[in-house]
Amino acid sequence: MSLEGSLAGCRIPCRSISPFEHPSLICRVNRLNIRSSSGTRSELLAATRMKTYRLADLHSTEIHNLKSRPRIDFSSMFGVVGPIIEDVRKRGDAAIIDYTTKFDGVNLDKVVECVADLPDPKLDPAVQAAFDVAYDNIRAFHAAQRNPEQVIENMKGVRCKRVARSIDSVGLYVPGGTAVLPSTALMLAVPAQLAGCRIIILASPPRPDGSICKEVLYCAKKAGVTHILKAGGAQAVSAMAWGTTSCPKVEKILGPGNQYVTAAKMILQNSEAMISIDMPAGPSEVLVIADKHANPVYIAADLLSQAEHGPDSQVVLVLVGEGVNLDEIEMELEKQCKSLPRGQFALKALSHSFTVLAHNKAEAISFSNLYAPEHLIINVEDADQWVDYIENAGSVFIGRWSPESIGDYASGTNHVLPTYGYARMYGGVSLDSFMKYITVQSLTEEGLKTLGPHVVKMAEVEGLEAHKRAVTLRLQDIETRSSV
């Protein structure tokens with residue numbers, strides 16, 4: 001059902017969402033004219049209260065405008081990143097050392113480490129056990145994605161098949177600017193290991209002393225990484241794309257990153273570096289669909305779990321039906337945000353996030369499909385019945401006991417997912433992200449005699465005489481031999 005279709009007959013009175021029973025909503029997307037009571041509410045509560053829209057009160061254009069993310073000015077990003085890319089191309093390791101000093105405040109003695117030469121890091125036993133469980137689950141889920149090779153005989157004497165081959169060398173970008181993310185090392189390296197990639201380079205910013213985060217190193221060793229590039233940002237992406245004296249050149253670069261990393265990936269995939277990328281991933285995001293049966297504590301926690309990633313993250317709350325206590329959810333956001341070490345990041349993310357009020361299931365699902373979130377949490381009473389209607393999402397979490405954090409770390413699914421609405425045409429990283437497929441066909445003499453005349457006719461239609469002759473010359477030889 002289309003979103004516009006689901007809105008038919010759904011114009012219902014807009015309930016007050018102010019805690020003081022004042023009218024609180026004038027919702028027009030283009031003007032963002034939101035009116036809410038204030039005064040006795042704390043400044044933090046005001047900061048955690050997201051803008052609210054009732055879908056039934058919006059025109060179709062305004063609904064479509066809601067799917068827009070905070071604008072990324074890629075033209076200015078390209079202007080900043082372009083010179084870095086060219087500098088790394090020309091100066092290689094020397095440029096990496098200079099940019100790491102400039103941006104990270106770290107003086108590198110060595111740009112790339114060979115993982116096999118590094119000693120095994122010592123982790124807290126409970127931490128190591130957690131990463132081991134995550135590794136096992138990720139490996140099991142991605143190993144199940146292998147497709148058995150099949151030979152198809154489309155017609156007698158015409159046999160076709162598709163064979164899988166790993167991409168020889170891949171670069172894995174693991175962010176480390178505002179948070180250390182060893183989980184991303186697992187998410188990228190495990191499927192690369194399963195695919196059989198010969199060279200696996202992991203790029204991540206170094207610690208202040210120039211060393212590698214021990215948790216990242218543990219995951220890299222366990223998942224078969226061959227090299228670690230101690231750099232981040234556009235300069236790291238450029239080093240892997242062009243190759244340097246110490247960093248082997250790769251054929252594909254995968255992994256999330258900030259806007260500069262994304263811009264570098266986009267530039268380099270269309271350059272002489274001749275690399276491919278996984279997807280144009282951007283800032284983290286989540287869309288939570290909840291009804292009156294959902295626990296406000298869980299709702300707030302799920303929203304903040306993505307908001308804390310960074311100030312450019314976006315979270316969207318879709319409330320379905322009547323009886324949902326929005327005030328209680330907002331109070332929980334305030335309460336939980338107070339105790340978050342990264343609360344300031346979360347507050348900035350909430351400032352450009354919003355809540356949507358949907359009349360029913362069809363309206364909520366239609367909006368979610370329009371928005372195409374990176375993460376979709378369905379926290380409603382009959383959540384299992386909603387899955388078949390989801391068309392656009394990176395990863396979906398069903399029911400009250402399925403927080404998005406589980407997928408981020410250890411359920412086994414991959415957390416490198418399309419953002420910024422790209423879930424409409426991209427899927428997340430998978431085993432196939434590290435594979436390429438080659439088609440193979442073989443014909444017998446009988447097969448060519450049967451299929452060849454049809455190919456001749458098609459070549460004649462397209463005016464490609466050489467294509468035609470490649471078939472007719474063989475058919476003539478067959479006919480000559482058979483007449484002798």
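Find K252 first: this residue stands opposite S276 in β9. K252 belongs to strand β8 (residues 252–254), which is joined to β9 by two bridges and runs parallel with it. Helices (H or I, at least four residues) and strands (E, at least two) are DSSP runs, numbered from the N terminus.

This is a predicted model, in which local features need pLDDT of at least 70 and side-chain atom pairs count only at pLDDT 80 or more, while totals for chains, interfaces and linings use all residues. Residues are numbered from 1 along each chain as its sequence is written, and side-chain values use heavy atoms, with hydrogens and water left out.

Now step back to the whole sheet. Its six strands form an open sheet in the order β2-β7-β6-β5-β8-β9, with mixed pairing. At the edges lie β2 (112–114) and β9 (276–277), each pairing on one side only. Helix α9 (residues 233–242) packs on this sheet, touching β5 (169–173), β6 (199–203), β7 (227–229) and β8; contact means heavy atoms within 4.5 Å. The direction of α9 makes about 175 degrees with that of β5, where axes are lines fitted to C-alpha atoms, for helices over the stretch in contact, and angles run from 0 to 180 degrees between N-to-C directions.

Another packing to look at involves two helices. The axes of α16 (residues 445–462) and α17 (residues 465–483) come within 9 Å and cross at roughly 145 degrees. Among the residues making the contact are L448 and V455 of α16, and V471 and L475 of α17.

Conventions:
Pairing = 2+ DSSP bridges.
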